[in-house]
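Hi there,

Here is the structure I promised to pass on to you. Have a look at it first, and then read my notes below.

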Amino acid sequence: MKSIRNPLLELRALQLEDFHLVKNWSEDEAFCQANGWETGRSECELYAWWSNCVKRKSQDFLRIGIQYETRLIGYGDLANINDNSAELGIAIGESGLWGHGVGTRALMLLINFATEKFGIQVFEAETHECNTRSRKMLENLGFFENSRIGSESYMGKESQLIQYRYERGMNDGAN
């Protein structure tokens with residue numbers, strides 16, 4: 001797969017060799033709570049999951065690595081890829097990078113990649129009401145809130161889920 005670049009950031013295929021970084025993420029309590037990762041997973045179980053992420057091939061789902069400088073720092077997902085629409089999300093595994101614009105730049109790269117590779121024009125995203133960083137990121141990129149359906153635990157507290165939509169060409173964010 002051809003990599004998509006932005007200064008310091010790159011989207012690239014996941015690799016088994018990245019496992020040591022994924023293991024570090026699994027030991028970061030803030031990351032695990034924010035992303036719904038179970039804590040205390042055995043290394044063997046975590047490696048099996050990562051191996052599946054690396055090898056999985058699907059028509060309607062893609063998980064792609066986010067590389068910052070020279071290391072994998074997270075991943076982006078395109079799910080329910082259908083005609084010109086998809087759901088998207090990102091997870092930045094190094095919580096020390098949160099709040100510095102890395103996620104916003106990674107999401108912009110993912111949107112551009114999805115448009116170029118799959119012709120995606122309509123993007124759906126979901127976040128928790130109390131996840132103000134994620135909400136701000138989506139809104140700054142031109143996503144608009146289109147519903148509030150469901151709730152789930154986020155950072156140890158029950159939180160309303162908010163669904164967002166972005167229509168390329170109609171919103172200014174990632175153009």
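This is a predicted model: local features need pLDDT of at least 70, side-chain atom pairs count only at pLDDT 80 or more; totals for chains, interfaces and linings use all residues.

Residues are numbered from 1 along each chain as its sequence is written, and side-chain values use heavy atoms, with hydrogens and water left out.

Now the strands (DSSP runs of E, at least two residues, numbered from the N terminus, as are helices, which are H or I runs of at least four). Two strands pair if DSSP finds at least two bridges between them. β9 runs antiparallel to β7 (residues 144–147), with 3 bridges joining them. β6 and β9 are also antiparallel, joined by 7 bridges, and here Ala125 stands opposite Tyr164. β8 (residues 151–154) pairs with β9 over 4 bridges, again antiparallel; Tyr154 faces Lys157 there.

Next, the nonpolar cores: sets of buried Ala, Val, Leu, Ile, Met, Phe, Trp, Tyr and Cys residues joined through side-chain atoms within 4.5 Å. Buried means under 20% relative accessible area, with a 1.4 Å probe and protein chains only. The largest core has 30 residues, and Leu88, Leu107 and Phe143 have the most contacts inside it (contact means heavy atoms within 4.5 Å). α4 gives the most to this core, with 8 residues. A second, separate core of 15 residues includes Leu21 and Trp50.

Happy exploring!

Methods: Buried means under 20% relative accessible area, exposed over 50%, partly exposed in between (1.4 Å probe, protein chains only).
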